[in-house]
Amino acid sequence: MKKHYNLEKDLHYLQLLSQSFPNVAEASTEIINLQAILNLPKGTEHFLADLHGENEAFQHVIKNASGNIKRKVNELFGNEMRESEKRELCTLIYYPEQKLELIKSSEEDIDDWYRITIHQLVRICRDVSSKYTRSKVRKSLPDDFSYIIQELLHERTDDANKTAYVSAIIETIITTGRADDFIHAIANVIHRLAIDQLHILGDIFDRGPGAHLIMDTMENYHSWDIQWGNHDILWMGACAGNEACICNVVRLSLRYNNMATLEEGYGINLIPLATFAMDAYQDDPCQGFIPKDLSGETMDEKTLRLTAQMHKAISILQFKIESAIISRHPEWQMDDRLLLNHIDYEKGTITIDGETYTLTSCYFPTIDPANPFELTAEEKLLIGKLRHSFKISEKLNRHIRTLLAHGCMYAVVNNNLLFHASVPLNADGSLKEVELPDGKKYKGLELMHNTGMVIRSAFQSDTDPLYRENARDYFLYLWSGKNSPLFDKSKMATFERYFLTDKKTHKEEKGYYYQLRDNAEVCDAILDAFHVEEPNRHIINGHVPVHVKTGENPIKASGKLMVIDGGFSQAYHHETGIAGYTLVYHSRGFQLVQHEPFTSSKDAILRGTDIKSTEQIVEMSSHRMLVADTDKGKEIRRQIADLEELLYAYRHGFIKEQDRKLIIGKD
């Protein structure tokens, strides 16, 4: 059927498009190229959540692509290689530099090993690159070996005419002393091509020691996005200058005995806090503030005591600053968190919801019972120094800008709705309205979108100063407010966990989203609200660890919702019984990968150990999915339609064709 175009409306756009495709030949070639891309297999998407600073486990999972590379090795080599040899080859791909040193120290005929191994690596690289155009593969190659890898990928040794050619390339790589560099380069290409798109569903920060190292990796990662988590928001708030967020960040670092990220990663100066704490709490054993030691490294008594003192000092400062912010925002309805003025400082008790409890400690040398929220002169000086330290940390500011550039509160990708924690709901499962700093109420998609805009406004210098201050305050609500899509609980019981032994006071009632998320109708209503198209649509989120050892299933609502809290944090391993889940979405469908705790990269290199993983097929497609079946496919079809309209304009004289050489000459 002949197409008809409204060129008067589109002519200006087509003239702009003609600058990229100046004649019929070039526009036609691009249409041919795009049509071909539509018929390639869908690229592999990799979903991770709740990394919590566990850099070693994170690095291993993205190197092995949640077992995807191991699967490729097994498929390609089957019975050709022993299991031990396949493990060695996988480890070489994951850790080429370190593994090469071990191999060279024990291998008797290293040149022969190079020949065999390079052929094997080329086979793997050829397999993982088969989903992509030559252009995309070429852009993924390192400059030093781009031409050589291209030749090896596209020339096969089973072609008798090219056997000697390929062998000569590999032999020359070895004789020129470039074998190690080549192996390192092609291993990185395999990492790059094994995952087309990485989705991080929040919480890079806190608990573990390497959040800054994860962010270093993400700054240079080829293609990724993040849906901000509550712990990411906490660090973003600290960077924006929210003093309550600063206190929470420091407190959590001390609680988990993890000062490396703050001090070594971002250069935050904690000496003023140490000096203040030693003076203010010199007579306090600070028993309730002994840090959780997840590293296995024993702290000496002096360091342990100082850490506990600093921990208590920053906690009390946090409670004061939070109270001040909550008091100036009555619309948050968080007055139940103003606990310092409910303490009887003489009796050592506190009254909550009409019931009186005895405090485990009532040593509060910096609190004035008559005005418990007021900071002392020393505390004002301390928080000023901490705030300054966060504001001038170039690396922290750079990492937060990276989060802003690659992130948002939610994403819809290939019929999957991604977010970190929840979508606030009412008891009947309908979307709940939540007031934002602009004074308006939003729900569902509008709530998520406008919350993201509030977050960004806190970092924009052209924002109205009063609104910017309110936006900065709002980070605290996002961290601990009961209707926050990043928290969605009745309260954050930090004070109670430190000072009360009665467990019922520690309970944080989860919002209705968590109570109703196993209901398929509720999930469908959420997906409808975010305009996620059927069929085979899903909600994917993290935030709440899946307690496998109690029988909890990460697949909910008849397969409509998948919870993939990565469980990377060692703090959760005793609760969940596993190290969480990752999700792989390839051209055949979804595979959920359950991981056991990672030992160490050193153990992986020395003994070829991998993260022990169990795969669960969630949903398989009846046909192999192509690029045409994805969001990218929709965009390509739009581009093709535009180019076809441009062709029509050329052929009917609405736009004149030009010679590329003449255009370049004009420039």
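Predicted model: local features only at pLDDT ≥ 70, side-chain atom pairs only at ≥ 80, totals over all residues.
A cavity here is a set of points, on a 1 Å grid over the protein atoms alone, where a 1.4 Å probe fits but cannot get out. The largest cavity holds about 210 Å³ of space, a volume being the space filled by probe spheres set on the points. Its lining counts 15 residues, each with an atom within 4 Å of a point. Closest to the centre are Q318, F319, E322, R337 and M492.

Helix 17 (301–327), helix 21 (465–480) and helix 22 (494–499) each give two or more residues to this lining. Helices are DSSP runs (H or I, at least four residues), numbered from the N terminus. Helix 17 provides the largest share, five residues. By class, the lining has nine nonpolar, four polar and two charged residues. Ala, Val, Leu, Ile, Met, Phe, Trp, Tyr, Cys and Pro count as nonpolar, Asp, Glu, Lys and Arg as charged, and the others, Gly among them, as polar.

Helix 17 also meets helix 16 (residues 271–280). Their axes, lines fitted to C-alpha atoms over the stretch in contact, come within 8 Å and cross at roughly 95°. Angles run from 0 to 180 degrees between N-to-C directions, and 65 to 115 counts as roughly perpendicular. The two helices are therefore roughly perpendicular to each other. L273, A274, F276, A277 and M278 of helix 16 contact L306, Q309, M310, A313 and I314 of helix 17, with heavy atoms within 4.5 Å. Nine of these residues are nonpolar, one is polar and none is charged.

Residues are numbered from 1 along each chain as its sequence is written. Local features need pLDDT of at least 70, side-chain atom pairs count only at pLDDT 80 or more, and totals for chains, interfaces and linings use all residues, while side-chain values use heavy atoms, without hydrogens and water.

Technical notes
1 Å grid on protein atoms, 1.4 Å probe; cavity = no way out; pocket = protein on both sides within 12 Å on 5 of 7 lines; lining within 4 Å. Parallel < 35°, antiparallel > 145°, perpendicular 65-115°, else oblique.
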